[in-house]
Amino acid sequence: MERLGTGIGWRPEIADAVERMPGIDWVEAVAENVCPGHLPESLLRLRERGVTVVPHGVSLGLGGADRPDGSRLTALAERAEALGSPLVTEHIAFVRAGGSLTASPRLEAGHLLPVPRTRDSLDVLCENIRIAQDALPVPLAVENIAALIAWPGEEMTEGQFLYDLADRTGVRLLIDVANLHTNHVNRAEDPAKALAELPLEAIAYVHVAGGFERDGVWHDSHAHPVPAAVLDILTDLASRVSPPGVLLERDENFPQPAELERELEAIQGALERGRATRESSTSSPSKAPQGSAAEPPADTTAARQRLALAQTALLSALIAGTPVPEGFDRVRLGVQARALTGKRADVVAKVAPELPHILGKGYRPAFLAYAQGHPMTGGYRQDALDFAGHLLDGERPEDAAARRELHEWRQERSGPTPHSHRPAARLARATRKVLLRR
């Protein structure tokens with residue numbers, strides 16, 4: 001595996017700072033926010049300097065019951081080729097459910113949700129990853145995600161699940177130590193046990209990020225400083241293996257560049273402490289899974305249907321208010337549901353910044369009220385249009401000027417071709433800035 005070194009998540013808001021930051025060997029860009037034909041000038045300059053750029057996908061839904069969408073795979077492949085990337089990454093998660101496998105409407109989570117660690121789920125995930133590997137021009141690495149909720153009846157630990165996944169597919173792993181910390185707080189899972197069970201030599205690189213705790217729940221915000229507990233997990237990992245690359249993620253609430261540089265220095269310190277421990281130890285590194293290229297693919301037809309029903313029931317409870325499936329923690333599902341709705345409001349505001357401008361302080365409460373009875377069934381752009389239509393159908397906003405402006409905004413964006421190029425360009429720029437978290 002290619003050594004990547006020290007990296008940081010490239011975001012438009014900190015692009016200039018990243019270009020000036022010392023010691024950056026590589027960056028990671030959210031794949032869906034990059035247009036292959038119009039790469040940001042900042043990324044082009046970084047590439048010209050020899051900085052590696054890795055596209056990080058957030059919308060494939062490799063852990064979902066359906067096979068990966070061909071158009072999404074093509075888009076990810078195009079970004080890898082345009083950026084000259086040595087690999088691409090995605091998540092072990094599902095992001096949508098319903099549809100033909102369940103004879104129910106398609107639902108979109110708008111966020112990464114955990115898959116059950118069961119044999120059915122593993123069989124489906126392995127097949128989906130093989131499909132993705134065949135469609136991509138470079139190797140694929142997949143990331144463990146943070147979770148607020150746990151599936152009942154799981155058959156494997158996270159480490160066992162990831163080991164079997166790598167063994168059966170040969171896929172590389174992107175290990176997020178912040179997500180291990182999140183699952184420690186929220187699901188009482190021991191990070192050290194997970195690391196001990198992982199195929200450490202299959203690691204492609206490592207994510208480090210911050211978050212915050214509220215009422216006993218850890219929120220993986222990517223908008224707060226990296227806590228000591230996350231750095232301790234990184235040190236533990238580095239005491240077991242030398243990761244090819246380590247990357248700092250920050251998606252919102254961006255601090256001054258000097259603070260980001262201090263966080264990178266703290267990450268290097270954690271790696272050095274782990275390396276010192278590793279070099280003084282006589283234990284040998286874990287053996288990486290070799291992959292089972294000759295393994296005949298399992299027939300996943302029945303597993304996909306069972307998984308589809310389970311994921312649809314969960315997602316429907318989270319975003320459509322249907323009954324909580326048996327075995328789930330109702331309180332924790334409520335926390336997850338509120339988090340999904342809040343994220344949905346935030347992303348719609350970024351995709352369509354005119355809406356909070358038109359509605360002012362009334363935007364967020366109006367959107368949260370709308371979201372309670374209107375699950376997202378398309379992308380965020382369609383969600384913004386549907387929200388505007390809902391307000392107009394209900395004779396809102398009451399202010400005549402705001403209502404007229406909202407009506408004109410919706411008209412301009414309805415249909416395949418906007419009525420004017422200037423608003424369309426604004427929307428396109430805003431869409432590229434949407435930051436979907438891991």
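## The largest cavity

Helix α5 (158-169) gives the most to the lining of the largest cavity, with three residues. Both α5 and α6 (177-187) supply at least two residues each of that lining. Helices (H or I, at least four residues) and strands (E, at least two) are DSSP runs, numbered from the N terminus. The model is a predicted one, in which local features need pLDDT of at least 70 and side-chain atom pairs count only at pLDDT 80 or more, while totals for chains, interfaces and linings use all residues. Residues are numbered from 1 along each chain as its sequence is written, and side-chain values use heavy atoms, with hydrogens and water left out.

The space in the largest cavity is about 130 Å³, and the structure holds four cavities of 30 Å³ or more. A cavity is a set of points, on a 1 Å grid over the protein atoms alone, where a 1.4 Å probe fits but cannot get out; lining residues have an atom within 4 Å of a point. Grid points are joined across faces, edges and corners, and a volume is the space filled by probe spheres set on the points. The lining consists of Ile-92, Pro-114, Val-115, Arg-117, Asn-144, Ile-145, Ala-147, Glu-158, Phe-161, Leu-162, Asn-183 and Arg-187. By type, seven of the lining residues are nonpolar, two polar and three charged (Ala, Val, Leu, Ile, Met, Phe, Trp, Tyr, Cys and Pro count as nonpolar, Asp, Glu, Lys and Arg as charged, and the others, Gly among them, as polar).

Helix α13 (residues 363-373) has the buried residues Tyr-363, Ala-366, Phe-367, Tyr-370 and Ala-371. Seen down the helix axis, these residues fall within an arc of 135 degrees, so they line one face of α13; the arc is that of the directions from the helix axis to the C-beta atoms. An α-helix has 3.6 residues a turn, so residues three or four places apart point the same way. Buried means under 20% relative accessible area, exposed over 50%, and partly exposed in between (1.4 Å probe, protein chains only).

The face turned away from the buried side of α13 carries the exposed residues Ala-369, Gln-372 and Gly-373. The cover over the buried residues includes α10 (301-319), α11 (330-351), α12 (354-359) and α14 (380-393), where contact means heavy atoms within 4.5 Å.

## Aromatic pairs

Rings of Phe, Tyr and Trp (its six-membered ring) pair if their centres lie within 6.5 Å; planes under 30 degrees apart count as stacked, over 60 as edge-to-face and the rest as tilted. The count by this rule is seven aromatic pairs. In one of them, the ring centres of Trp-151 and Phe-328 are 5.2 Å apart and the planes stand at 65 degrees, so the pair is edge-to-face. Trp-151 belongs to the loop between β7 (140-143) and α5, and Phe-328 to the loop between α10 and α11, so this pair ties together parts that are 177 residues apart in sequence. Trp-151 is buried, at a relative accessible area of 9%, and Phe-328 is buried as well, at 10%.

Tyr-363 and Phe-387 form another aromatic pair, also edge-to-face, with 5.9 Å centre to centre and 85 degrees between the planes. Tyr-363 lies in α13 and Phe-387 in α14, so the pair ties together parts that are 24 residues apart in sequence. The relative accessible area of Tyr-363 is 5%, which is buried, and Phe-387 counts as buried at 0%. Ring pairs link Tyr-363, Phe-367, Tyr-370 and Phe-387 into a cluster.

Gly-389 is found in helix α14 and counts as buried at 4% relative accessibility. Gly-389 and His-407 are 18 residues apart in sequence and 8.3 Å apart in space, C-alpha to C-alpha.

The loop between α14 and α15 (400-413) contains Pro-397, which a cis peptide bond joins to Arg-396, with omega about -5 degrees. Glu-395 lies in the loop between α14 and α15. Although Glu-395 is not a glycine, its phi is positive, at about 60 degrees, and the residue counts as exposed at 54% relative accessibility.

## A further positive phi

Asp-215 is placed in the loop between β10 (212-214) and β11 (217-219). Its phi is near 55 degrees, a positive value in a residue other than glycine. Asp-215 is exposed, with a relative accessible area of 76%.

Definitions and conventions
1 Å grid on protein atoms, 1.4 Å probe; cavity = no way out; pocket = protein on both sides within 12 Å on 5 of 7 lines; lining within 4 Å.
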